[in-house]
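Thanks for coming, everyone. Please bring the structure up on your screens, and I will walk you through it.

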Amino acid sequence: MMSDPATFGARLRAFRERAGKTRPVLGGLVGRSAEWVKALETGRLLPPRLPMLLRLAEVLDVSDLADLTGDQSLPVASVTRAGHSGVDKVAAAMQRASVPIGAVTPVEVLRRLVDQAWALWHRSTAERTAVAAVLPGLLTDAQRSVRGLDGAARRQALVELARVYHLVQLYLAHQPCPELVWLAADRGMLAAQDADDPAAMAVAAWYYAHVYRGANQVDAAEQVLADATGLVDPAAGGEELARWGQAQLGIALGHSKAGRAGRAWRAWDAADSAASRLGGGYVHPWLMFGPAACAAYAVTIETDLCRPGEAVRRADTADYRALPSHTRRAAALIEAARAHMLSRGEVAVVHLLGRALRESTDTVRHHPYARTAVLELSNRPGTVGEDARELALAIGMTG
């Protein structure tokens, strides 16, 4: 018999199937079991509370909670996506139809400015606030250089413009303007292609794959990354090996999100091998690829595959200090918290989110999982609830 299409369970199943996720995969992504998902879909369990509804909506790419619950409209982004104070200025720079007239910035100067912006992103404990102050001007400088230069200098300026768009994409992630995230990814790829630079195109594919995975288009993400692996030669070592390894890491993340364990770990092994060949202490200066990044992403892979024991083991043995980036350390700690939530380790979840907050206020404040986890744990009795409510206050989730 078909389920009543008006029920919550039927809607949940329809959105799950639309997203191409099995019950074990969906359960793993929200820290529950396949049986729990089945019980919701068949009506044996009542719809969960708001924090879990928001988490389901995020994973299933449902923009309005009413589409899932059939109840009063509540845009998911209004809870899970906190707008940064500088987002309007960055958005205006992205949406500008023409480049203001001005002097052309020489490529060598432009490269230093882009390097400095990336350093701000990684070294600040409030990275969005730091780069929001420079991104509009940096976009203008890079666009002017591309327009005013020609030949090899123009191609080099295009590579730097692509790097600016990648940084804009990171800034706009988890903001209430998802269409601009796609725009940044697309412009970054176009700039890399116009530069006719294979290494730049490989990096652009890494960032484009982020938006594909975020939209649950994991096969499209795999394709763009598979194409990227053919653009660089891992045998060349150095920069090309790092970019090839980064693409393999992206392929692994897509497969794990789709629940394809074998293919995920084969791609991760390739990435980890590339990182090892670069050296135990290697970290790419702005992509942050290296052995430490591979170890951190292994936690994400195990969590996405709904293997709580292995996820927690990897989370507890990862060397987060080996990531020389406040925002990357904070994001990795949030993934560790997600692993512990999968195994019902709520005390560890609050502790890890607190550590992440000390690394980067902006990362935690704007991370959808961190926000929904804090909201959920705030309702717990005792110390866990008290600590979660303090975290909620610190990230601006209380009035």
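Let's start with one residue. Thr 229 has a relative accessibility of 17%, and the cut-off for buried is under 20%, so Thr 229 counts as buried. Keep in mind that this is a predicted model. Thr 229 sits in helix α14, which covers residues 218-229. What does Thr 229 touch, beyond its neighbours within four places in sequence? The contacts are Trp 244, Ala 247, Gln 248 and Ile 251.

Stay in helix α14 for a moment, because Gln 223 is there too. Gln 223 has a relative accessibility of 46%, so this residue counts as partly exposed.

**The chain as a whole**

Step back now. How many helices and strands does the protein chain have? There are 23 helices and zero strands.

Next, overall dimensions. A compact globule of 399 residues would have a radius of gyration near 21 Å. The protein chain has 21 Å, so the two agree. The C-alpha trace spans about 65 × 45 × 45 Å along its principal axes.

What share of the 399 residues is buried? The figure is 56%. Then the contacts. Take those in the protein chain with a separation of 6 or more: 66% of them join residues 24 or more positions apart.

Now the surface. The accessible surface of the protein chain is about 16,500 Å². Carbon and sulfur atoms own 53% of that. As for charge, there are 45 positive and 42 negative side chains. The centres of the two sets lie 2 Å apart.

Helix α7 runs over residues 87-95. Its buried residues are Val 87, Val 90, Ala 91, Ala 93 and Met 94. Look down the axis of α7: those buried residues fall within an arc of 160 degrees, so they line one face of the helix. An α-helix has 3.6 residues a turn, so residues three or four places apart point the same way.

Which residues are exposed on the other side of α7? They are Asp 88, Lys 89 and Gln 95. And what covers the buried residues? The cover includes α9 (127-132), α10 (135-148), α11 (151-172) and α12 (178-194).

**The loop between α16 and α17**

Move on to a loop. Tyr 282 lies between α16 (261-278) and α17 (291-304). Leave out residues up to four places away in sequence, and Tyr 282 touches Ala 242, Phe 289, Gly 290 and Pro 291. Tyr 282 and Ala 292 are ten residues apart in sequence. Their C-alpha atoms are 8.5 Å apart in space.

Met 288 is in this loop between α16 and α17 as well. Is Met 288 buried or exposed? Its relative accessibility is 4%, so Met 288 counts as buried. Check the backbone too. Phi of Met 288 is near 70 degrees, a positive value in a residue other than glycine.

Arg 344 also has a positive phi, near 65 degrees, and is likewise not glycine. Where is Arg 344? It lies in the loop between α19 (326-342) and α20 (346-359).

**Two partly exposed residues**

Two more stops. His 351 is in helix α20. With a relative accessible area of 47%, His 351 is partly exposed.

Last one: Gln 116, in helix α8, residues 107-123. Gln 116 has a relative accessible area of 48%, so this residue is partly exposed. Gln 116 and Val 131 are 15 residues apart in sequence. C-alpha to C-alpha, they are 9.7 Å apart in space.

That is the tour. Over to you.

Methods: Residues are numbered from 1 along each chain as its sequence is written. This is a predicted model: local features need pLDDT of at least 70, side-chain atom pairs count only at pLDDT 80 or more; totals for chains, interfaces and linings use all residues. Side-chain values use heavy atoms; hydrogens and water are left out. Buried means under 20% relative accessible area, exposed over 50%, partly exposed in between (1.4 Å probe, protein chains only). Helices (H or I, at least four residues) and strands (E, at least two) are DSSP runs, numbered from the N terminus. The arc is that of the directions from the helix axis to the C-beta atoms. Contact means heavy atoms within 4.5 Å. The radius of gyration is taken over C-alpha atoms; the globule rule is 2.2 Å times the number of residues to the power 0.38. Accessible areas come from the Shrake-Rupley method with a 1.4 Å probe; for residues, only the protein chains shown count as cover. Lys and Arg count as positive and Asp and Glu as negative; His and the chain ends are not counted. The place of a charge is taken as NZ of Lys, CZ of Arg, CG of Asp or CD of Glu.
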